[in-house]
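The sequence and the structure come first, and the description follows.

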Amino acid sequence: MKLLFDKEFDEILSGQVISLIGGLIAGILLAVYTDNLLLIPAMFILIPGFLELRGNISGSLSSRLSSGLFLGVIKPKIKNDHLLNGNVIASFILTILICAILGLLAFLFEYILFGIFYIKIIFIAVFAGFIANAMLIPLSVYFTFYLFRKGHDPNNFMGAILTAFGDVASVVSLIFVVMIL
Amino acid sequence: MSLKHKLMRLRKVRKSKYHPLIKHVHKKHNISKRTLFYVKEYCTHTNVTSVIIRESLIVLIFASIISSFGGFGLEKWKDHFLVLLPILILFPVLNSMIGNYGIIFSSKYSTMLHEGKIETHPLKSKELMGLFYHMIIIGVFTATLASIFALVFAGLREFNVTPDVTLKIISISLLDSLLMIALLFSLSILLGNYIYKKKEDPNNFLIPILTSIADFFNIIVLIGLVLLFF
């Protein structure tokens with residue numbers, strides 16, 4: 001029994017509880033803003049990919065930075081460094097491209113399968129993606145460097161941190177963009 | 001030739017080519033192959049952004065298409081989700097947690113393969129089975145906890161939380177988590193072994209493939225369970 005509840009168990013459980021908190025906040029926001037958000041055509045098609053994107057892009061960014069930090073080719077300080085700049089710029093470009101693709105797929109699915117022409121979903125995806133990543137990319141860089149400076153392996157924590165923050169940031173940015181557009 | 005000159009030369013080598021210089025620098029200067037890979041992959045001022053975009057784009061597009069198919073299922077049955085407030089609240093929670101199970105299984109199984117810990121049948125590995133039992137216990141705990149929070153909040157939003165609904169919501173959350181843990185565990189073994197036998201690094205393929213599959217099947221299983229119970 002003692003072997004089953006070891007350090008690995010604690011680490012995985014902690015990560016899952018952090019994800020659970022982030023997911024619950026995102027779920028509650030979805031429930032509260034159902035009328036503004038979920039009644040929009042194609043929004044349900046967009047949401048799974050949109051939520052996944054934060055982990056895929058910011059998670060990969062954090063993982064690449066962690067590798068660079070451990071290898072000593074990146075210094076854990078936010079400064080004008082070509083590796084850091086390249087990573088951040090690439091993450092932003094990928095966000096815009098993939099959000100546009102997600103928006104386009106949502107638009108096409110909705111039009112072809114449900115007969116609803118709602119092109120605004122592409123703009124919602126791109127603007128919301130940009131806002132969410134404007135919050136998450138600096139956060140990923142800051143926390144990765146911070147954890148490394150404190151002697152931790154960022155890989156063990158960043159997945160859970162980014163999933164939790166990512167879910168909340170994604171839903172908040174979608175609500176914000178839907179309200180202003 | 002000094003080490004600096006060798007590293008400068010290495011930076012100019014096309015990333016798709018394996019250069020003998022890597023082996024030479026690795027042996028002579030005791031610099032790890034991972035460091036040299038990083039130097040060759042990213043250490044020119046011009047190509048960091050383009051390398052990352054080029055290598056990530058296809059996987060991300062693939063993941064987007066799979067997610068959109070899952071989203072199509074949600075859109076088709078959205079009336080069910082909009083009426084069932086606890087399920088709506090649970091959706092991002094289950095999605096995140098199940099995505100994390102995919103990441104944990106794939107990264108840990110990849111490491112076990114690299115370390116030579118899976119020599120006979122994978123199910124005979126104590127470490128792997130230990131990981132599976134961890135996931136089952138954590139899955140039961142977190143799914144129950146998430147359901148309770150979702151029900152409490154839905155109740156506060158004037159959703160009629162009866163004992164029957166409570167039981168159904170907890171059952172959906174538990175069954176979804178357990179089914180997905182079993183599916184991801186099986187897939188990480190099958191795909192991990194296949195990729196490893198092809199002499200590729202499972203780390204590079206297993207995580208994006210498994211997280212996309214996890215997201216897609218989570219939606220399918222969730223829709224199936226909601227239709228079954230309600």
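Buried means under 20% relative accessible area, exposed means over 50%, and partly exposed lies in between, with a 1.4 Å probe and protein chains only. This is a predicted model, in which local features need pLDDT of at least 70 and side-chain atom pairs count only at pLDDT 80 or more, whereas totals for chains, interfaces and linings use all residues; side-chain values use heavy atoms, with hydrogens and water left out. Residues are numbered from 1 along each chain as its sequence is written, and chains are lettered from A and ligands numbered from 1 in the order in which they are written.

**Salt bridges**

Over all chains, the structure holds 2 salt bridges, a salt bridge being a side-chain nitrogen of Lys or Arg within 4 Å of a carboxyl oxygen of Asp or Glu. The table sets out both pairs.

| Pair | N to O distance | Relative accessible area |
|---|---|---|
| B:Lys78 and B:Glu75 | 3.4 Å | B:Lys78 15%, B:Glu75 5% |
| B:Lys168 and B:Asp164 | 3.6 Å | B:Lys168 22%, B:Asp164 44% |

B:Lys78 is buried, and B:Glu75 is buried as well. By contrast, B:Lys168 is partly exposed, as is B:Asp164. B:Lys168 and B:Asp164 stand 4 residues apart in helix 8 of chain B, so about one helical turn separates them.

Helices (H or I, at least four residues) and strands (E, at least two) are DSSP runs, numbered from the N terminus. Helix 8 of chain B covers residues 163-197, which is 35 residues, and reaches 51 Å from its first C-alpha to its last, close to the 51 Å expected at 1.5 Å a residue. That expected span is 1.5 Å times one less than the number of residues. Helix 8 of chain B is followed by B:Lys199, whose phi is positive, near 65°.

**The interface of chain A and chain B**

Contact, defined as heavy atoms within 4.5 Å, joins 59 residues of chain A to 60 residues of chain B. Between the two chains about 5200 Å² is buried, and carbon and sulfur atoms give 76% of this area. Buried area here is the accessible area (1.4 Å probe) that two parts lose on being put together, summed over both. Between chain A and chain B the count of salt bridges is 0.

On the side of chain A that touches chain B, the elements giving two or more residues are helix 1 (7-32), helix 3 (43-71), helix 4 (82-114) and helix 6 (154-180) of chain A. Helix 4 of chain A provides the largest share, 17 residues.

**Individual residues**

A:Ser62 belongs to helix 3 of chain A and is buried, with a relative accessible area of 3%. Residues up to four places away in sequence aside, A:Ser62 touches A:Thr144, A:Met158 and A:Leu162.

B:Asp215 lies in helix 9 (residues 202-229) of chain B and counts as buried at 6% relative accessibility. Apart from neighbours within four places in sequence, B:Asp215 is in contact with A:Glu52 and B:Asn95.

B:Glu127 is found in helix 7 (residues 126-156) of chain B and is partly exposed, at 39% relative accessible area. Neighbours within four places in sequence aside, B:Glu127 is in contact with B:Met112 and B:Lys117. B:Glu127 and B:Lys117 are 10 residues apart in sequence and 8.5 Å apart in space, C-alpha to C-alpha.
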